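Please open the structure in your viewer and keep the selection panel at hand.

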Amino acid sequence: MKLKMPLLLLLFISFFANAQQTMSVKGSQPFSATQDYTFICEKYAFTGETNIQIAKTDKGGILKITIATSNDKARIAGGLYVDLANADVIACVDKNVKESADGKTASYYYFTPAEFAKLKKTDIYAVRFIINGGSNTFGNETGYFTAHNKKNYFSTAYDKSKKSYDTAKEISIL
């Protein structure tokens with residue numbers, strides 16, 4: 001009995017540690033997805049952070065980009081570019097799939113199977129996107145922004161830990 005209890009506890013913990021994230025697009029079936037990455041967007045003065053999540057579908061994949069906004073009129077719109085660490089670029093077309101709630105706006109961009117295969121092999125370096133919307137004196141900043149695959153704003157020269165997310169590794173597990 002003494003051996004069975006720790007073994008069951010270990011199995012229980014490992015089950016929840018490996019729990020897969022999911023993503024649902026406008027009420028569709030949930031897709032298996034990566035964790036929600038927080039990329040650093042230094043030029044976006046409102047928060048400086050952008051959330052990126054990748055999901056696998058039957059026809060390739062989906063990228064969900066979410067950013068906090070100060071008003072309801074601001075949206076992520078237009079094309080989006082995914083820059084890979086090996087200098088490849090994946091251009092995504094805006095198919096006008098968007099959500100807005102709780103002071104955040106989200107847009108979904110779709111990958112072909114060939115583009116999704118590239119994401120499995122190489123980490124994402126950055127995501128370039130556009131914010132459109134009504135601007136007023138104290139409104140959102142609109143324009144072109146780049147969210148970099150960085151975990152922190154600052155680090156020291158002595159910090160030898162990896163400072164970016166292993167996106168390729170997580171995407172290949174999907």
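Select strands E5 and E10 (residues 104–111): they run antiparallel and are joined by 8 bridges. Strands count as paired if DSSP finds at least two bridges between them; helices (H or I, at least four residues) and strands (E, at least two) are DSSP runs, numbered from the N terminus. Within this pair, Ala68 lies opposite Lys104 of E10.

The model is predicted, so local features need pLDDT of at least 70 and side-chain atom pairs count only at pLDDT 80 or more, whereas totals for chains, interfaces and linings use all residues. Residues are numbered from 1 along each chain as its sequence is written, and side-chain values use heavy atoms, leaving out hydrogens and water.

A hairpin of 2 residues connects E4 to E5, and Lys56 stands opposite Gly61 in E5.

Now colour E5 (residues 60–68) by accessibility. The rest of the structure largely encloses this strand, because 8 of its 9 residues are buried (under 20% relative accessible area; exposed means over 50%, partly exposed in between; 1.4 Å probe, protein chains only).

Turn to Cys41, which is buried at 0% relative accessibility, and then to Cys92, buried at 4%. The structure holds 0 disulfides (pairs of cysteine sulfur atoms within 2.5 Å).

Finally, select helix H2 (residues 113–121), where Glu115, Phe116 and Leu119 are buried. They lie on the same side of H2, because they cover an arc of only 100° around the axis, taken from the directions from the helix axis to the C-beta atoms. Pro113, Ala114 and Lys121 are exposed on the other side of H2.
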